[in-house]
Amino acid sequence: MTVLVASDLDRTLIYSAAALGLTMPDPVAPRLLCVEVHESKPLSYMTETAAGLLAELTADPSVVFVPTTTRTRKQYQRIRFPGRPAPYAICASGGQLLVDGVPDRDWRRQVAARLAEECAPLEEVHQHLLSTADPAWLRKARLAEDLFAYLVVERALVPDEWVKALSEWADARGWSVSLQGRKIYAVPRPLTKSAAMHEVARRTGATTTLAAGDSLLDADLLLAADAGWRPGHGELADAAWTAPTVTALATAGVLAGEEIVRAFAREAARLGRLDA
């Protein structure tokens, strides 16, 4: 039996300093391991316990660990996970499938064909974002892998009405909008993490899929997996979103990441015993 473990990264498996959510007294806070450095500064962390559990999980030959992220390939490749390197990674919300770190050209062509057929072009959405965003709260506007667009904003200044109007405008054109921290994403609806996960499962012969994620962009991934987990923070938690095969954790912050890795390991071990 091969078990595929597809996990979202930011605020699911790894955490910035601002997202750690350490509410306990300092002397009993968990020890942290830095897993990402950007511009010579530490950026993302896991607890040391979570890192150890992940290393053990990836050492199991029956487990295929697949980092699954909205990040671009360049952003993803800054991360250094403990344990065996992941043979597959899903980047750009499913738009890039990396095989041993190299983009799979056939997958990218399949994605491009679907986007051209099913939704409005990226340039139209990008121009709409630029023309409607207020310079008072807009800090950056970016395109990711020529697949989707996102804004970096001062979250407290962004009117809820603007986000709602953008969501309605995008929905009519086959796009989805997701607000994650200081970033507002506009992503084509056919661009999904679940489609890429199914492709990796096909290639590896995985018989069971496990997944975790915290945002609306992870909902399709969680629904497509045989079992899923979401932390007690993020868009899905704020919306009280759940599903029959998804466990809604009460734990928030970096300790939720530790709990998720532990759940992956526990379920993989259970499935291994059933297969024995």
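At 17% relative accessibility, Glu267 counts as buried, because burial is assigned under 20% relative accessible area. The structure described here is a predicted model, and the values in this report are computed from it. Glu267 is found in helix H9. Setting aside residues up to four places away in sequence, Glu267 touches Leu210 and Trp229.

## Packing of helices H1 and H9

Two packed helices are described by the angle between their axes and the distance between the axes. Helix H1 covers residues 48–59 and helix H9 covers residues 254–275. The axes of H1 and H9 lie 9 Å apart, and the two helices pack at an angle of about 25 degrees. H1 is therefore roughly parallel to H9, since angles under 35 degrees are classed in that way. The crossing in which H1 passes H9 is left-handed.

On the H1 side, the contact is formed by Thr49, Ala50, Leu53, Leu54 and Leu57. These residues meet Glu258, Val261, Arg262, Phe264, Ala265 and Ala268 in H9. Sorted by class, the contact of H1 with H9 comprises 8 nonpolar, 1 polar and 2 charged residues.

## Packing of helices H4 and H5

The crossing of H4 and H5 is right-handed.

From H4, the residues Glu124, Val125, His128, Leu129 and Thr132 meet Trp162, Leu166 and Trp169 in H5. The contact of H4 with H5 divides into 5 nonpolar, 2 polar and 1 charged residues.

## The nonpolar cores

The largest nonpolar core has 55 residues. Within this core, the residues with the most contacts are Leu4, Leu129, Phe148, Trp162, Trp175 and Ile184. Strand E10, residues 148–153, gives the most to the core, with 6 residues. Leu129 and Trp162 also take part in the contact between H4 and H5. Not counting residues up to four places away in sequence, Leu129 touches Ala149, Leu151, Trp162, Leu166 and Ala186.

## Met46 in strand E4

Met46 is found in strand E4, which covers residues 41–47. With a relative accessible area of 1%, Met46 is buried. Met46 and Gly257 are 211 residues apart along the chain, yet their C-alpha atoms are separated by 7.3 Å.

Leaving aside neighbours within four places in sequence, Met46 is in contact with Leu13, Ile14, Arg31, Leu32, Leu33, Val35, Ala51, Leu54, Phe81, Pro82 and Val254.

## An exposed loop residue

Thr23 is found in the loop between strand E2 (15–16) and strand E3 (32–38). At 76% relative accessibility, Thr23 counts as exposed, because exposure is assigned over 50%. Thr23 and Asp134 are 111 residues apart in sequence. In space, the C-alpha atoms of Thr23 and Asp134 are 34 Å apart.

Definitions and conventions. Residues are numbered from 1 along each chain as its sequence is written. This is a predicted model: local features need pLDDT of at least 70, side-chain atom pairs count only at pLDDT 80 or more; totals for chains, interfaces and linings use all residues. Side-chain values use heavy atoms; hydrogens and water are left out. Axes are lines fitted to C-alpha atoms, for helices over the stretch in contact, and angles run from 0 to 180 degrees between N-to-C directions. Helices (H or I, at least four residues) and strands (E, at least two) are DSSP runs, numbered from the N terminus. Angles under 35 degrees count as roughly parallel, over 145 as roughly antiparallel, 65 to 115 as roughly perpendicular and the rest as oblique. A crossing is left-handed if the near helix is turned anticlockwise from the far one by less than a right angle, and right-handed if clockwise. Contact means heavy atoms within 4.5 Å. Ala, Val, Leu, Ile, Met, Phe, Trp, Tyr, Cys and Pro count as nonpolar, Asp, Glu, Lys and Arg as charged, and the others, Gly among them, as polar. Buried means under 20% relative accessible area, exposed over 50%, partly exposed in between (1.4 Å probe, protein chains only). A nonpolar core is a set of buried Ala, Val, Leu, Ile, Met, Phe, Trp, Tyr and Cys residues joined through side-chain atoms within 4.5 Å.
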